[in-house]
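Hi everyone, thanks for making time for this.

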Amino acid sequence: MSYFTVHSIRVSWTVILLLGYFVYLFLGAAVFQMLEKQAESHTRSNFQLAKLKFLTNYSCLDGPALERFVQIIIDAWDKGVNPTGNSTNPSNWDFSSSFFFAGTVVTTIGFGNLSPSTVGGQVFCVFYALFGVPLNLTFLNILGRSLNGYLKRLERSAQKSSNHKQVTKIFTMVFFLIIGTVLFLVFPPLLFSHVEGWTYGESFYFAFITLSTIGFGDYVVGTDPDKHYISIYRSLAGVWIVVGLAWLALLFNLGSRIMGRIFQLKWQRKKSKPEVKHGPKQEDCT
């Protein structure tokens, strides 16, 4: 455990990291509350006002009946059924969509917009995740090491033609990050924006939230009942998720190693002045 000294007080880097971690969480909570609470209150007020107007326009309905109908809509949404449109909406459990769902299970993304509703499906999901999550981690580890190996080979080949090894290493790393960013975080949102009708900002937000396995579920591809998707659209999105996960995991690992090295740097303690050894005093013979 490394320490550093401040005004003769030994402080552990582990304690500093722990405090910094929770300060970061508290700061995030405060910012999210400041940005989102007012919007939530506005949405809640509008919803209550819309319910009152609905009851006014349709006097044959009473409040409890409307609440029951709203609950039916919520239950349908929780089970992955979009309440808009009609019964001809595409199934959430065709093979392409099921493949996409299986990918969200083993990658632990879990968008939350779709989940098994049968007992058999729920039991199978538990065991499927029990074996699938370690398998996925192993696969991502191997894929990440392969990407890291390609990166090192690229560094070695670049260093052979350059005498500035450190500059070449940084340039290679930046090149790798740029290529990965374009392939997984710049180009796919363009496609999602075109197909889903989202803005590019919303598509980029979806891409990052998905690849980082956060998966809020506020944006999910292939769920708009008014759109006609090609049959393999969600399957291709699943493949993008798996490969993109490996790249972003490598990026996060790199960032973690850099931060770890920063926090593991041992600050030099204030060196105590070396004691000056004096020999025995010589008595004055005079």
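**A walk through the model**

Let's start with one side chain: Arg44 is partly exposed, with a relative accessible area of 49%. Before I go on, please keep in mind that what you see is a predicted model.

So what does Arg44 pair with? Arg44 forms a salt bridge with Glu40, and their closest N and O atoms are 2.9 Å apart. In general, side chains of opposite charge can pair when their charged atoms come close. Glu40 is partly exposed too, with a relative accessible area of 44%. Both residues sit in helix H1, which covers residues 13-57, and they are 4 residues apart, about one turn of the helix. If you're new to helices, here's the handy bit: an α-helix has 3.6 residues a turn, so residues three or four places apart point the same way. And how many salt bridges does a search of the whole structure find? It finds 1.

Okay, let's zoom out. The protein has 7 helices and 2 strands.

Where do positive charges gather on the surface? Look for the patch made by Lys152, Arg153, Arg156, Arg257 and Arg261. Two helices each supply at least two residues of this patch: H4, residues 119-160, and H7, residues 233-264. The largest share, 3 residues, comes from H4. Arg153 is one to click on: it is found in helix H4, and it is partly exposed, with a relative accessible area of 44%. Patch members need over 30% relative accessible area, so Arg153 clears that cut-off with its 44%.

Next stop, helix H3, residues 95-106. H3 has 12 residues and reaches 16 Å from its first C-alpha to its last, close to the 16 Å expected at 1.5 Å a residue. Which residues of H3 are buried? They are Ser96, Ser97, Phe100, Phe101, Gly103, Thr104, Val105 and Val106.

H3 is followed by Thr108, whose phi is positive. The value is about 60 degrees, although Thr108 is not a glycine. Thr108 lies in the loop between H3 and H4, and it is partly exposed, with a relative accessible area of 45%.

Thr213 gives us another case. Its phi is near 60 degrees, again a positive value in a residue other than glycine. Where do we find Thr213? Go to the loop between helix H6, residues 200-211, and H7. At 29% relative accessibility, Thr213 counts as partly exposed.

One last thing, about positions in the sequence and positions in space. Leu177 and Leu248 are 71 residues apart in sequence, and their C-alpha atoms are 9.6 Å apart in space. Leu177 lies in helix H5, which is residues 165-196. Is Leu177 buried or partly exposed? With a relative accessible area of 23%, Leu177 is partly exposed, because buried means under 20%.

That's my tour, and I'm happy to take questions.

Key
Residues are numbered from 1 along each chain as its sequence is written. This is a predicted model: local features need pLDDT of at least 70, side-chain atom pairs count only at pLDDT 80 or more; totals for chains, interfaces and linings use all residues. Side-chain values use heavy atoms; hydrogens and water are left out. Patches are made of residues with over 30% relative accessible area and no salt bridge: like charges are joined within 9 Å, nonpolar side chains (Val, Leu, Ile, Met, Phe, Trp, Tyr) within 5 Å. Accessible areas come from the Shrake-Rupley method with a 1.4 Å probe; for residues, only the protein chains shown count as cover. A salt bridge is a side-chain nitrogen of Lys or Arg within 4 Å of a carboxyl oxygen of Asp or Glu. Lys and Arg count as positive and Asp and Glu as negative; His and the chain ends are not counted. The place of a charge is taken as NZ of Lys, CZ of Arg, CG of Asp or CD of Glu. Buried means under 20% relative accessible area, exposed over 50%, partly exposed in between (1.4 Å probe, protein chains only). The expected span of a helix is 1.5 Å times one less than its number of residues.
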